[in-house]
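Try each task on your own before you look at the solution.

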Amino acid sequence: PGLPGANMSQKIRFLAALAVLLLAAPLAAQMSGTYSVRAAGGGTWTDLGAAFDQLEAQGVNGAVIIEVYNGTYTSTASYALGSNGTTATPVSGVSASNTITIRGASGQTPIISGSGAGSLYSGTNYLGTLCINQVSYVTIEGLRITGGTNFGLHVYAGSAVTNFTARKNIVYNCAGFGIFCYGNAGPLTNCTVEHNLLYNCQCTGSFGGLANGALCFRRPSTN
């Protein structure tokens, strides 16, 4: 069908303009390389949650390193990588070579504080500071994590998760677990927790009494 009242020349100009608009529309490229989070500005993002949102939206096609600089970053729902509230939002492209590393930048001591990130277990009834929901090949390194209601740092495997690493973090002053690795329907495999310092974290009662300990594993397959 033609455009009402339009001659052939007008139709051609219309189609050419439409093609230009479609070609000009930006396509979100998958992420690869090193990025930075700087609370004071001058980095890729000013908030770690924004980095997580972009990972979920765009996925990865190479190894991604996110370096976090000094500042206090307040945990929100976006601090749960792999979910948006009660909905899973997978990060596409992750693999043994396309890994995700979130780490404190060299010489920096960034603080992640608060309790806005929800575990996908039981519909986000359980909130904490930093959460990895069903995303594999993630390393959390060199962060100070504090103030979580049910956990400080948590990885949840409602579906298969492999190669989660928590290294050289300081997790403290949490009303729940310090670090909680939960292979629910998982499995959760090749999970490494090493050289972390945990203190003043509650050891009982969190997650409806499913587990106990400042550092806790539930249903891991291999570690």
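**Exercise 1.** In this predicted model, find how many salt bridges a search of the whole structure gives.

*Solution.* The search finds three salt bridges. Let's visit them one at a time.

**Exercise 2.** Describe the salt bridge between Glu-67 and Arg-103 and say which strands hold the two residues.

*Solution.* 
- Step 1: Look at the side chains. Those of Glu-67 and Arg-103 meet with an N to O distance of 2.8 Å.
- Step 2: Glu-67 is in strand 2 and Arg-103 in strand 7, 36 residues apart, and the pair links distant parts of the chain.
- Step 3: Check the pairing of the strands. Strand 2 and strand 7 (residues 100-104) are parallel and share five bridges, and Glu-67 stands opposite Arg-103 there.
- Step 4: Compare with the cut-off. Buried means under 20% relative accessible area, so Glu-67, at 16%, is buried. Arg-103, at 28%, is partly exposed.

**Exercise 3.** Work out which residues are linked with Arg-167 in a network of salt bridges.

*Solution.* 
- Step 1: Start with Glu-141. Its salt bridge with Arg-167 has the closest N and O atoms 3.4 Å apart. Because Arg-167 lies in strand 15 (residues 164-167) and Glu-141 in strand 11, this pair ties together parts that are 26 residues apart in sequence.
- Step 2: Turn to Glu-194. Its side chain meets that of Arg-167 in a salt bridge of 2.7 Å, N to O. Glu-194 lies in strand 19, so this pair connects parts 27 residues apart in sequence.
- Step 3: Glu-141, Arg-167 and Glu-194 form a network of salt bridges.
- Step 4: Arg-167 is partly exposed at 23%, and Glu-194 is partly exposed at 27%.

**Exercise 4.** Trace how the chain gets from strand 1 to strand 2.

*Solution.* 
- Step 1: Note the pairing. Strand 1 (residues 31-37) and strand 2 (residues 60-68) run parallel, joined by six bridges. Within this pair, Met-31 stands opposite Val-60.
- Step 2: Follow the chain. It passes through helix 2 (residues 48-58) on the way, and this β-α-β crossover is right-handed.

**Exercise 5.** Decide whether His-195 is buried or exposed, and describe its phi.

*Solution.* 
- Step 1: Most residues other than glycine have a negative phi.
- Step 2: Look at the angle. The phi of His-195 is positive, near 60 degrees.
- Step 3: Find the place. His-195 is in the loop between strand 19 (192-194) and strand 20 (197-201).
- Step 4: Use the cut-off. Exposed means over 50%, so His-195, at 61%, is exposed.

Notes
Residues are numbered from 1 along each chain as its sequence is written. This is a predicted model: local features need pLDDT of at least 70, side-chain atom pairs count only at pLDDT 80 or more; totals for chains, interfaces and linings use all residues. Side-chain values use heavy atoms; hydrogens and water are left out. Two strands pair if DSSP finds at least two bridges between them. Helices (H or I, at least four residues) and strands (E, at least two) are DSSP runs, numbered from the N terminus. A crossover is right-handed if, with the strands pointing away from the viewer, the path from the first strand over the helix to the second runs clockwise. Buried means under 20% relative accessible area, exposed over 50%, partly exposed in between (1.4 Å probe, protein chains only). A salt bridge is a side-chain nitrogen of Lys or Arg within 4 Å of a carboxyl oxygen of Asp or Glu.
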